Each structure stands twice: as C-alpha cells, then as structure tokens.
Amino acid sequence: AVPESVLPHPTQNLLYVSLIDGAPWEKDGKGGVALLDTTGKIVNAAWATGLHAPKGMALVGNLLYVADVTDVVVIDATSGKLVRRIAVEGSEMLNDVTANDAGTVFVSDSKTGKVHSITSNSPVLFLQGMQGVNGLRAHGGDLYVATSKQLLKANASGTVSVVADTEMGGDGIEPTADGGWLLSSWSGTIYHIDAQGKSHLMLDTRAQKKNTADIGYNAKSRVVYVPTFFAKSVVAYRLQ
C-alpha cells in the first residue's frame, strides 16, 4: 500500500515498512506501518494504523518515531500502539527521521528546507536553508543530510560541510563498511558514494517505473531493502 520507508529491526529478523496508502501529503488517516520478516513474509500488514502519510522512521529503544506530514508519531515498537504525536510547529512536509546514539531524533521538512531535532518530546530547529532536504542519517556523532543536489554533513553544533555533489536529491542514506554511503533517489536510482565523495550508479529501475524510496540496510547481512512506492513492493538486494 505505497511503501515509502523500510527500517530493519537491529536485533530481530523484522522490517518496519511505512505505508502511505493514500495521497502522499494528505492527512487522510489511511496510512500505517506494516511488519515484515526478512524472508519477505508479511507478518502484519496493519501493524500500526491511523496515520496519514507516514514516511521515514527511526528506533529509539522500544519506541518507533515516524514522520507523518506535520507530526512525528511515536509508536510502541512491540505492540504497534500509538504512544503520542509530537507536532512540529510550522512544518508542512516532514519526510525522513533518524536518531543518534544519545536518543536525539532528527526530522527533515522538505517543504520548508529545515531539519528539526527532538529531545524529551520537544522539537527545536537544528538546520535551515536546506533546499530539497529529504534523507537523514545520524552516524558517528554527525548528521548526514541529503538535499536536492548534495550530501552534507552537520556536526553537533550545526556546522555543515559537503560530503559529495549528487545528480539528484537523496531519499535514503546508509553507511557502508568501506567508509562510503548508499544513497537512494525516489525516481529509481541507488548510488554508492565512496569515501572520496565520488558517486557510482548501482541500480537504475526508472525504465521499469519502480521507485527507490527510503531504503533500509542490514550491515551484517549486507542486504539493502528497497521500498518501491507506487510499484507497491519491497525488494531486497545483497551487496557483493
């Protein structure tokens, strides 16, 4: 039902999949989160319901944080029950979510070009002026940010540097063992960006009209999980 993001569970063979199901940015109550296992079996297609157009997700302990238009929805990661909604004031198109080791949650707003941080359920502005911002990934004490034409790195104080120039905007960001990055673009491409910032096209499904939205990655098994959005499937690829 229009899968936008896949998040592998860190210790179990489970995948959380956000499902828009309705219009991509409407508050229509049609969205939710499905639960799959890593063999491709649908464990529960309606594991969490009552969302609008959910997109990026992040786990903090036993809580799943999900971007949902203008709110970050907090869900019990075991039961699928709604815990709370955190309204992000002034937001319009919340898109991706990530969390650092300290439990701080970050959420991007693609319409306003801002990134907000959330601690103790209180959102504050962290970055602004980020044109076409979408994908986020907290890693190694820094926040990696995909904008319309660049992959950026922001340190804890919000100082931004360029990691790489990109052909198009990034949707999912995942670190690889070689010091590089996997970067998906919604249109149907996945790139590997090496440690020197050079981009290498790994997958192109545009001709098949299969999107490559907010990918998830299991570093141990080297499997990339790709939500195909309008193609309504999740595809797994193993890196060689």
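In which strand is Val145 found? The legends below take up that residue first. The model shown is predicted.

**Figure 1. Val145 sits in a strand and is buried.**
Val145 is found in strand β14, which covers residues 142–146. Is Val145 buried or exposed? Its relative accessibility is 1%, so Val145 counts as buried; the cut-off for buried is under 20%. Val223 is another matter: 78 residues separate Val145 from Val223 in sequence, and their C-alpha atoms are 22 Å apart in space.

**Figure 2. Gly132 lies in a loop between two strands.**
The loop runs between β12 (122–127) and β13 (136–139). Gly132 is partly exposed, with a relative accessible area of 37%. That value falls in the partly exposed class because buried means under 20% and exposed means over 50%. Which residues does Gly132 touch, not counting those up to four places away in sequence? They are Ala146, Thr147 and Ser148. Take Ser148: Gly132 and Ser148 are 16 residues apart in sequence, yet their C-alpha atoms are 4.5 Å apart in space.

**Figure 3. Four strands, β1 to β4, form an open sheet.**
The order is β1-β2-β3-β4, and the pairing is antiparallel. Which strands stand at the edges? They are β1 (3–8) and β4 (42–51). Each has a single partner strand, so one side of each is left without a neighbour in the sheet. From one strand to the next, the twist averages 20°.

**Figure 4. β1 and β2 make a hairpin.**
Five residues lie between the two strands of this hairpin. The strands run antiparallel, and five bridges join β1 to β2 (residues 14–19). Val6 has Val17 in β2 as its bridge partner. Pro8 has Leu15 in β2 as its bridge partner. How many residues of β1 are buried? Six of the six are, so β1 is largely enclosed by the rest of the structure.

**Figure 5. The largest nonpolar core has 14 residues.**
Which members touch the most other members? They are Tyr16, Val33, Trp47, Met57, Leu64 and Ile75. Two or more residues come from each of β2, β3 (31–37), β4, β6 (63–68) and β7 (71–76). β4 gives the most to this core, with three residues. Apart from this core lies another, of 13 residues, including Ala58, Tyr65, Ile86 and Val105. In soluble globular proteins, nonpolar side chains tend to be buried together.

**Figure 6. The largest pocket has a volume of about 820 Å³.**
How many residues line the largest pocket? There are 40, and those closest to its centre are Leu7, Pro8, Pro10, Arg137 and Glu174. Several strands give two or more residues to the lining. They are β1, β2, β5 (57–60), β9 (94–99), β13, β17 (172–175) and β21 (216–218).

**Figure 7. Strands β17 to β20 form another open sheet of four strands.**
The order is β17-β18-β19-β20, with antiparallel pairing. At the edges stand β17 and β20 (199–204). Each of these has a single partner strand, so one side of each is left without a neighbour in the sheet. The twist here averages 20° from one strand to the next. Four bridges link β17 to β18 (residues 181–185) in the antiparallel sense. Gly172 stands opposite Ser184 in β18.

**Figure 8. β22 and β23 form a hairpin.**
Five bridges join β22 (residues 223–227) to β23 (residues 234–238), and the two run antiparallel. Which residue in β23 is the bridge partner of Val223? The partner is Arg238. Six residues lie between the strands of this hairpin, and Phe229 takes a positive phi near 55°.

Conventions. Residues numbered from 1 in each chain as written. Predicted model: local features only at pLDDT ≥ 70, side-chain atom pairs only at ≥ 80, totals over all residues. Heavy atoms only, no water. Buried < 20%, exposed > 50% of the residue type's maximum accessible area, 1.4 Å probe, protein only. Contact = heavy atoms within 4.5 Å. Pairing = 2+ DSSP bridges. Axes fitted to C-alpha atoms, helices over the stretch in contact; angles between N-to-C directions. Core = buried A, V, L, I, M, F, W, Y, C linked by side-chain atoms within 4.5 Å. 1 Å grid on protein atoms, 1.4 Å probe; cavity = no way out; pocket = protein on both sides within 12 Å on 5 of 7 lines; lining within 4 Å. Points joined across faces, edges and corners; volume = space filled by probe spheres on them.
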